[in-house]
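Please look at the sequence and the model first, and then go through the points below topic by topic.

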Amino acid sequence: MDILRFITAGSVDDGKSTLIGRLLYDTKQIFADQLEAIEQSGRLNESGEVDLSLLTDGLKAEREQGITIDVAYKYFNTEKRKFIIADAPGHIQYTRNMVTGASNSNLSIILVDARKGVQEQTRRHSIISSLLGIPHLVICINKMDLVGFDEAVYNKIVEDYKLFAQKLNAKDIQFIPVSALKGDNIVEKSTAMDWYSGPSLLEHLEQVPVSSDINLENARFPVQYVIRPHTTEYHDYRGYAGKVISGVYKKGDKVVVQPSGQTSTIKSVQLGGKELEEAFAPMSVVVQLEDAVDISRGDVLVKQEDELETTQEFEALLCWMATKPLKPGAKLLLRHNSTDSRAVVREIMYKVDVNALEDVQDVDQVQLNDICCVRIRTATPLLLDKYEDNRSNGGFILVDEISFTTVGAGMVTSTVDESKLSYMI
Amino acid sequence: MTKRYLDYLDQLEAEAIHIMREVAGQFEKPALLFSGGKDSITLVRLAEKAFRPGKFPFPLVHIDTGHNFPEAIAYRDELAERLGEKLVVRNVEDTIKRQNLTEPKGKYASRNGLQTYTLLETIEEFGFDACIGGARRDEEKARAKERIFSVRDEFGQWDPKLQRPELWNIYNGHIHKGENVRVFPISNWTELDVWNYIKREEIALPNIYFTHERECLVRDNKLMAWSDFIHKDPEDVVIKRQVRFRTVGDMTCTAAVESVAFDIDSVIAEIIESKISERGATRIDDKLSETAMEDRKKGGYF
């Protein structure tokens with residue numbers, strides 16, 4: 001059994017919460033006392049049934065206003081998989097929350113109202129999913145019951161969407177006609193749509209391959225913490241504790257410590273004191289080296305065969321998450337895996353129109369929820385991959401120097417060759 | 001080529017270990033809040049995996065209401081001794097005396113709420129900047145929205161509207177003096193995941209998690225372990241039942257469930273069949289209002 005993390009973005013009107021409620025209810029993850037609590041709240045949906053959407057909106061303000069503001073995490077499992085749902089809001093003013101939920105997801109469920117077809121919101125959610133590197137999209141054409149389960153309506157929407165999706169980076173797109181309210185094609189195959197031969201939503205979620213989404217090519221091991229027991233038994237022990245964020249490591253591998261450039265050989269890879277044959281992403285392990293090299297938190301062990309140079313300047317797509325606008329020259333703290341650095345936003349190159357995936361030029365400041373392309377310079381050399389090549393080593397956050405809140409989420413699009421930077425120093 | 005596939009429990013374990021090491025790497029004075037319940041026992045095993053053969057970079061801290069199950073207390077002491085790790089115990093009783101607090105009275109009297117005062121005192125006494133806890137997002141709807149790194153102000157308060165966005169596996173532990181972060185490494189685990197992990201790791205639990213005969217007082221259709229700490233009205237009756245505990249907290253707010261499950265396998269089978277959620281079955285404190293947990297968290301609760 002493995003784990004699938006997926007995101008559903010949308011508002012109550014799309015039937016998003018009903019869809020999640022339906023998945024949880026039909027897979028028997030909703031307990032009697034939780035259902036009772038909803039019944040007691042007295043809210044019914046348009047058909048007079050218990051409103052399953054209330055299962056997902058957890059905060060007082062959300063229940064009062066009937067909207068989703070923040071990401072909520074929900075869990076269910078079948079015999080095949082454990083599922084983690086990031087239930088995110090869909091309105092444009094909550095783009096940052098959707099970006100947050102999308103950052104850890106392997107799959108995105110996009111809801112399209114069969115009566116309305118592909119809308120601005122459909123495009124926005126697809127674009128954000130694609131920008132965040134989510135490899136699998138599922139387009140649920142919902143409320144099929146309200147269009148008489150008509151195949152022609154479904155086909156038209158699929159065609160429209162495919163035309164739009166040419167601009168996206170999505171590797172895998174699945175279309176499913178559903179009625180979340182009635183349960184058609186959610187868990188069981190619908191009997192009302194014989195013309196559809198594909199899987200139900202749950203069948204698809206159970207079988208979509210996710211292990212191949214992990215990058216096992218480029219070995220990256222950021223050191224989080226150094227274990228030094230200082231006991232008689234482990235007198236000279238130095239264990240580098242961290243998570244293999246991509247790639248594979250084993251005993252005998254030649255490694256380079258970045259940014260210092262020292263080299264050594266892996267003596268052992270361990271978990272919980274037990275020796276492992278190899279460690280691969282996303283395992284948390286302890287690595288010991290043959291040589292006593294100087295390594296501390298923030299250093300990264302890479303393999304000699306796929307060595308990567310550090311950089312202090314790069315371009316990235318950035319989702320701005322603060323109410324205070326971002327201006328060129330802004331100084332911020334940057335965290336990339338276990339590395340911290342001071343950073344300056346040298347240039348804002350363009351803004352991305354998330355409703356159309358078009359670039360907007362001549363931008364002098366960036367507002368909350370905007371996605372833009374920036375050039376960043378850091379005080380500390382960073383070991384970065386392009387986000388599209390290695391999702392787990394291409395993302396970073398920006399933190400305000402005074403309030404310490406997270407104000408930006410960035411995805412590296414290109415790194416700049418250090419040798420060409422001499423004019424800037 | 002060998003197939004490199006990580007089972008879901010291994011994935012959850014790897015994530016939790018990573019979070020614990022981030023705490024060790026980012027903070028100066030962390031602590032692990034240990035209650036003697038299965039979730040914090042799981043945290044201790046994860047800490048062993050994260051830091052052995054080194055010592056834990058934090059003490060185990062128990063906020064003792066004085067109304068805990070003796071079995072859980074004995075387990076706590078034995079565990080700390082066996083691991084050779086530091087255990088800090090602070091008593092709600094002392095806080096009540098020191099701060100001249102009023103003990104809740106009446107039918108639902110519990111020191112559960114007073115734990116917050118002792119916790120905040122303890123955080124201040126030691127200068128803890130991060131407290132690791134065993135809360136899970138599947139437990140309750142407010143918890144479903146809480147971050148893995150949850151920043152609290154100097155009064156320990158959680159502000160659900162001012163939560164920091166939390167992206168990828170990057171955790172922002174930057175705080176001002178006086179603030180602290182509550183960290184929840186098993187946020188993404190469900191009750192069943194915890195039990196399956198306990199089974200896989202062969203972790204011993206306090207025996208009250210398994211079936212035993214116990215004197216219980218029936219309250220609001222729930223079975224409360226009969227003890228001197230429980231308020232008893234003249235019409236209340238004490239009966240003997242075959243029970244186990246699904247959560248282990250304070251005796252005054254943790255109910256037992258009728259059960260014949262005698263080992264981990266039968267407990268797991270029982271949970272799969274259960275129609276009632278973990279907290280719904282066992283917690284009196286959540287039932288007091290629809291947003292009871294959200295309100296308590298805003299006030300500094302775990």
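Helices (H or I, at least four residues) and strands (E, at least two) are DSSP runs, numbered from the N terminus. With that convention, A:F149 is placed in the loop between strand 5 (136-142) and helix 6 of chain A, and A:F149 has a positive phi of about 50° although it is not a glycine.

This is a predicted model, in which local features need pLDDT of at least 70 and side-chain atom pairs count only at pLDDT 80 or more, while totals for chains, interfaces and linings use all residues. Residues are numbered from 1 along each chain as its sequence is written, chains are lettered from A and ligands numbered from 1 in the order in which they are written, and side-chain values use heavy atoms, with hydrogens and water left out.

**The two chains**

- Chain A contains 7 helices and 22 strands, whereas chain B contains 9 helices and 10 strands.
- Of the 425 residues of chain A, 60% count as buried, where buried means under 20% relative accessible area, exposed over 50%, and partly exposed in between (1.4 Å probe, protein chains only).
- For chain B, which has 302 residues, the buried share is 64%.
- The accessible surface, taken from the Shrake-Rupley method with a 1.4 Å probe and, for residues, with only the protein chains shown as cover, is about 17,200 Å² for chain A, with 46% belonging to carbon and sulfur atoms.
- For chain B the accessible surface is about 11,800 Å², and carbon and sulfur atoms hold 50% of it.
- A contact means heavy atoms within 4.5 Å, and in chain A residues 24 or more positions apart account for 70% of the contacts with a separation of 6 or more.
- In chain B, among contacts between residues at least 6 apart in sequence, 73% join residues at least 24 apart.

**Aromatic rings**

- Rings of Phe, Tyr and Trp (its six-membered ring) pair if their centres lie within 6.5 Å, and planes under 30 degrees apart count as stacked, over 60 as edge-to-face and the rest as tilted; by this rule there are 20 aromatic pairs over all chains.
- In one of these pairs, the ring centres of A:F6 and A:F83 are 6.3 Å apart and the planes stand at 75°, so the pair is edge-to-face.
- That pair links distant parts of the chain, since A:F6 belongs to strand 1 (residues 2-9) and A:F83 to strand 3 (residues 81-88) of chain A, 77 residues apart.
- A:F6 is buried with a relative accessible area of 0%, and A:F83 is likewise buried at 0%.
- The rings of A:Y161 and A:F164 have centres 5.4 Å apart and planes at 75°, so they too form an edge-to-face pair.
- Because A:Y161 and A:F164 are 3 residues apart in helix 6 (residues 151-165) of chain A, about one helical turn separates them, and both are buried.
- One aromatic cluster is formed by A:Y225, B:F51, B:F56 and B:F58.
- The charged end of A:K303 sits over the ring of A:Y249, 5.8 Å from its centre, where the rule asks for NZ of Lys or CZ of Arg within 6 Å of the ring centre and within 35 degrees of the ring normal.

**The nonpolar core**

- A nonpolar core is a set of buried Ala, Val, Leu, Ile, Met, Phe, Trp, Tyr and Cys residues joined through side-chain atoms within 4.5 Å, and of the 143 residues in the largest one, A:F6, A:I141 and B:M20 touch the most other members.
- Helix 1 (residues 8-26) of chain B gives the most to this core, with 9 residues.
- Leaving aside residues up to four places away in sequence, B:M20 touches several residues, including B:L32, B:L43, B:F51, B:F58 and B:I132.

**Where the chains meet**

- In this interface, 63 residues of chain B are in contact with 70 residues of chain A.
- The buried area, meaning the accessible area (1.4 Å probe) that two parts lose on being put together, summed over both, is about 5,900 Å² between chain B and chain A, with 57% from carbon and sulfur atoms.
- B:R4, B:K145 and B:W168 supply 15% of the area that chain B buries against chain A, more than any other three residues.

**Backbone details**

- A cis peptide bond with omega of about 10° joins A:Q258 and A:P259, and A:P259 lies in the loop between strand 10 (254-258) and strand 11 (262-271) of chain A.
- The peptide bond from A:A281 to A:P282 is also cis, with omega near 0°.
- A:F404, a residue other than glycine, has a positive phi near 65°, and A:F404 is buried with a relative accessible area of 17%.
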